[in-house]
Amino acid sequence: MDAQLLQTAKSLDPAAQALTQRMRDNLVAIGKHRDENAFQDFYAHFSGRIKSFLMGKGMQESVAEELSQEIMLIVWRRAESYDPDKAAPSTWLFTIARNRRTDYLRGNSRIEVELDDEMLEVDSSEPTQDEQVGLSQQAQVLEMAMNKLPQEQRQVLHLSYFRGQSHGAIAKWLDLPIGTVKSRIRLAMQSIRSEIKSEEI
Amino acid sequence: MNTLSHHLTDETLQDYSAGVLNAPMETLIACHLTLCPSCRQRSQLADAIGGLSLGDEDAVAMKASASDILSLDKTTAQIDTTPPPIEMQLQGVPKPLARLLPGPMTELPWKSFGPGMKQFNLGSQPRKEGAFKLLSLDPGSRMSKHTHQHRELTFIVSGSYSDELGQFKAGDIADLSADHHHRPHVDSDVPCISLIATDAPVIFDGLFGKMVQPFVGI
């Protein structure tokens, strides 16, 4: 992608970019200074979306309300663990919400990678400076890449994240062979990755 | 450290990110991610897509206000989500698996299911919901040719095996879907210990395989 086109792409949606930056600043301010105004702003933007996310997964309104409150309480208490160089605010929040939902539904915690493992030769190398820049721009580039996906690929991603459905259930719902659902997911992930790569060059 | 050659598919990483897999599948994925920076990076991308979709969602009105949450903070105990301390550290075993083991590999109450083949069951769910177990196969062992109804994940803890897809060594993960038939054989000098999770019982192709299936229970 040539430099000018890249510039155009980056400035595609200044409003969305500004919003991401504001939410990032909010989390940092909560983490550092327990900034209540920053929390108010973060809450106003995200709490109703978290609730919608949980209800989309078939949860009763009252339960979704209660869990959303807990999730926002976790945001308030753990904002200092947010690293703005590593993830977009929405990514950080999404993983908290997903994990809290899993804990609630399953009664045991989601199982995640543990890199503090002295019994293994773990390659926990951090991304290089260049990759860091890539990460901080990732949200914007990712949004562009998602917008370019064919409708049928966006649809399966949406059903998966928002209806919490397995690929098998999505296939049934859309009346498609499971192989088709999987290949749409695969194609979507591939084009998003190649889009991000071409942006980073 | 060794470079890994077999990785998680995009479909599996995306399912993991969306939070639709069961705990056994998550355990295998977390074991591989511990050792594989490239799958970790792809997994982070899948989470970022989840985050972005969250931003796209239309908001539903909340009953509580931000100020309510701040008062809740003063009256609610800390929610402790740190994983429980591990019973014992095991050399070469990623923590998500080590947490589930009552002792070192050599001291587990293995159950033999054939010459040179033994298993240790980790799952308590009924068989129709899939298996979750460690398999230890002696050098030279061969599994019967089989396929799966949905998905089978195999994480290699130690030793190695080969099948139609190539050689699988410690840290590799075999991420197989229903359309794949394979017949693994152990090609290491030491027993090949692998952790497997299926979301539906394995289907053996041959008559012998069908006969041993109730005993193997995978």
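Mentor: Residues are numbered from 1 along each chain as written, and chains are lettered from A in the order written. In this predicted model, local features need pLDDT of at least 70, side-chain atom pairs count only at pLDDT 80 or more, and totals for linings use all residues.

Trainee: Why are H7(A) and H8(A) called oblique to each other?

Mentor: Helices here are DSSP runs of H or I with at least four residues, and strands are E runs of at least two, numbered from the N terminus. The axes of H7(A), residues 151–162, and H8(A), residues 167–174, come within 10 Å and cross at roughly 125°. Axes are lines fitted to C-alpha atoms over the stretch in contact, with angles from 0 to 180 degrees between N-to-C directions. Under 35 degrees counts as roughly parallel, over 145 as roughly antiparallel, 65 to 115 as roughly perpendicular and the rest as oblique. The pair is therefore oblique.

Trainee: Which residues of H7(A) and H8(A) meet?

Mentor: Contact means heavy atoms within 4.5 Å. Gln155(A), Val156(A), Leu159(A) and Ser160(A) from H7(A) meet Ile170(A), Trp173(A) and Leu174(A) from H8(A). By class, that contact has five nonpolar, two polar and no charged residues. Ala, Val, Leu, Ile, Met, Phe, Trp, Tyr, Cys and Pro count as nonpolar, Asp, Glu, Lys and Arg as charged, and the others, Gly among them, as polar.

Trainee: What makes H5(A) roughly perpendicular to H3(B)?

Mentor: H5(A), residues 89–106, packs against H3(B), residues 37–56, at about 95°, with the axes 7 Å apart. That angle makes the two helices roughly perpendicular. The residues of their contact divide into five nonpolar, five polar and two charged.

Trainee: Which strand gives the most to the lining of the largest cavity?

Mentor: Lining residues have an atom within 4 Å of a point. S10(B) gives the most, with three residues.

Trainee: Where does the largest share of the second largest pocket's lining come from?

Mentor: From S8(B), with five residues. That pocket has a volume of about 680 Å³.

Definitions and conventions:
Side-chain values use heavy atoms; hydrogens and water are left out. On a 1 Å grid over the protein atoms alone, a cavity is a set of points where a 1.4 Å probe fits but cannot get out, and a pocket is an open set with protein on both sides within 12 Å along at least five of seven lines; lining residues have an atom within 4 Å of a point. Grid points are joined across faces, edges and corners, and a volume is the space filled by probe spheres set on the points.
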